[in-house]
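Have the model open as you read.

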Amino acid sequence: IRREFDMESRSFVEDGFVTPEAKGGVSWIDSDTLLVMLATDPETSTESGYPYIVRRWERGTPLEDAVEVMRGDTTDVGVWAFRMEGTGGEHHMMVSEANTFYETTWWALPDGGEPVQLPLPAKSSLQALYDGQLVFTIEEDWSLEGSTESFPQGALLSFDFQNWLDTGNADVETVFVAGPRESIGGVGATASALLVQIDSNVVGGLASFAHGDDGWTRTDFDTPANMTLGLTGTDASHDVAFLNAEGFLTPDSLYQVNVADHTVTPIKSTPERFDTEGLVVEQHEAESTDGTMIPYFVVRRADTVMDGTTPTLLYAYGGFQVSITPSYSGVRGRLWLDRGGAYVVANIRGGGEFGPAWHQAALRPASGRGQLGRRIRLAVQSRRGRLPAVDLALSQCRCGRDVSGNLPLHLDRR
C-alpha cells in the first residue's frame with residue numbers, strides 16, 4: 001500500500017493518492033499526476049507476479065479511471081516507470097521493461113506522445129542525465145544500428161538525449177572503459193560533474209567526469225586507501241555527494257564529497273567492534289585451471305605461523321554480478337579474528353568484481369570447473385605457505401550451476 005504523505009506537516013494527505021495492496025510502484029510526473037504500476041490481479045500481473053501496465057493517474061480521480069500509457073508483456077519480469085532529472089533542471093519520464101532478469105528494453109515517455117524505445121542493447125543500465133547527456137553502461141559488446149563503431153562490454157557511454165528525442169540520432173560518446181581488472185561500482189550526477197565509483201582489483205576509487213565540446217575528461221579523487229567505496233547520495237542540483245567506505249579492519253564510515261573543491265572528508269563512523277592491533281590484510285591471487293588469476297584477501301594476525309594449524313574461514317559467492325569486496329563485521333572480528341582465526345575471501349567468477357565478463361564467465365557450460373576447482377587450489381596454496389591453514393571451513397552460497405554450498409564444517413581447534 002502506498003499513501004501520500006506531506007513532509008512539512010508530517011501527516012498523510014487528506015484525500016491524497018492511495019494505492020491498494022499490490023506489487024508495483026508509483027512515480028511522480030508532477031504534484032498532481034502519478035504514473036502507477038500495480039499488479040492487483042492476474043490480469044495486471046506478469047508470470048513473475050509483477051506489473052506490466054503503466055497508467056497515468058490524475059489527482060481527484062478514481063484509480064480505475066487512470067489512463068493506460070504503456071503495456072509490456074505477461075512474459076516480462078515486470079515493467080516500471082521512473083523519473084530522470086537532469087543537471088539542467090529538465091526531467092524525463094522513462095520506463096524499464098525487464099524482459100528477463102538481465103535483459104531490459106528502455107523507453108522514453110514524451111509529454112503527450114507515444115512511448116519511444118531507446119536505442120540501447122538488451123544488456124544495459126541507465127545511470128544518470130548529466131549536461132543533457134543520457135549516461136548508461138552496457139553489459140555486452142555493442143554497435144549502434146547503422147554505425148560501424150563498436151563499444152566494449154562494461155563501457156560507460158552517453159549521448160545527447162534531447163537531440164535524440166528531436167531527431168532520432170544518437171551520437172554515442174565514450175565516458176569510461178574499464179580495464180581488465182576494473183569495474184564500475186556506481187554512477188551519480190552532481191551539478192558540475194559526473195561521479196563514477198571505480199573498483200580497481202577489488203579496491204574502491206572515485207573519479208569525476210566533466211563533459212565539453214571535446215567529449216569527456218576525467219579527474220581522480222584522493223580517497224581512503226584499500227577500502228570498499230560506495231556512492232550513497234548524489235543530487236543533480238548540488239555539488240556535494242556522500243560516499244560510504246569500509247574495510248576488513250575499518251568500520252562503516254561516511255564521507256562528504258565536495259565536487260567543487262575535489263575533496264573527500266570524513267563525517268562519521270560506526271564504532272569499532274573488535275581490537276585490530278596485530279591484524280593484517282593481504283591480497284593474493286590463485287591460478288584457476290584455465291590460467292585465470294583469481295584474487296583473494298587474507299585477514300590474519302601478523303605473527304601467524306604458516307604451518308597449517310590456524311583455523312581459516314574461506315568465503316566466496318560468485319553470482320548475480322555481485323562483487324564481494326572488503327567488509328567490516330564485528331561478529332567476525334570478535335568471534336573469529338580475536339580468537340586467532342584467519343578469514344579468506346575469494347573473488348571467484350560469477351561476481352561483478354571485474355565487470356560483466358567476470359560474471360558471465362561462470363554462466364558458460366565450461367564453468368563447472370570453476371568454484372570447486374578454485375576452492376581446492378586455494379586449499380593447496382595453504383600447504384605451500386600462502387594461506388595460514390590446511391583445514392578450511394567453507395562458507396559459500398549456491399548460485400545457479402556453480403559448485404558450492406553452505407557447508408558448516410567443524411574446525412580443528414589445535
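At 45% relative accessibility, Phe-320 counts as partly exposed; buried means under 20% relative accessible area, exposed over 50%, and partly exposed in between, with a 1.4 Å probe and protein chains only. This is a predicted model, in which local features need pLDDT of at least 70 and side-chain atom pairs count only at pLDDT 80 or more, while totals for chains, interfaces and linings use all residues. Residues are numbered from 1 along each chain as its sequence is written, and side-chain values use heavy atoms, with hydrogens and water left out.

You will find Phe-320 in the loop between strand S29 (312-316) and helix H2 (330-337). Helices (H or I, at least four residues) and strands (E, at least two) are DSSP runs, numbered from the N terminus. Together with Phe-101, Tyr-102 and Val-322, Phe-320 makes a nonpolar surface patch of about 410 Å². Patches are built from residues with over 30% relative accessible area and no salt bridge; like charges are joined within 9 Å, and nonpolar side chains (Val, Leu, Ile, Met, Phe, Trp, Tyr) within 5 Å. The areas come from the Shrake-Rupley method with a 1.4 Å probe, and for residues only the protein chains shown count as cover.

Asp-131, Asp-160, Asp-166 and Asp-171 gather on the surface in a patch of negative charge. Here Asp and Glu count as negative and Lys and Arg as positive, while His and the chain ends are not counted; the place of a charge is NZ of Lys, CZ of Arg, CG of Asp or CD of Glu. Asp-166 belongs to helix H1 (residues 161-167), and its 58% relative accessibility means that it counts as exposed.

Now to the salt bridges. Side chains of opposite charge can pair when their charged atoms come close. The structure holds ten salt bridges, each a side-chain nitrogen of Lys or Arg within 4 Å of a carboxyl oxygen of Asp or Glu.

| Salt bridge | Closest N and O atoms |
|---|---|
| Glu-4 with Arg-59 | 2.9 Å |
| Arg-59 with Asp-32 | 2.7 Å |
| Arg-218 with Asp-220 | 2.8 Å |

Salt bridges that share partners join Glu-4, Asp-32 and Arg-59 into one network. Glu-4 forms its salt bridge with Arg-59. Glu-4 lies in the loop between strand S1 (2-3) and strand S2 (5-6) and Arg-59 in the loop between strand S7 (53-58) and strand S8 (67-71), so this pair ties together parts that are 55 residues apart in sequence. Glu-4 counts as buried at 14% relative accessibility, whereas Arg-59 counts as partly exposed at 31%. Asp-32 counts as partly exposed at 36% relative accessibility.

In the pair of Arg-218 and Asp-220, Arg-218 counts as partly exposed at 40% relative accessibility, and Asp-220 counts as partly exposed at 46%.

Which strand pairs with S21? Strand S21 (residues 203-212) is joined by six bridges to strand S22 (residues 215-220), and the two run antiparallel; strands pair if DSSP finds at least two bridges between them. A hairpin joins S21 to S22 through two residues. The bridge partner of His-211 in S22 is Trp-216.
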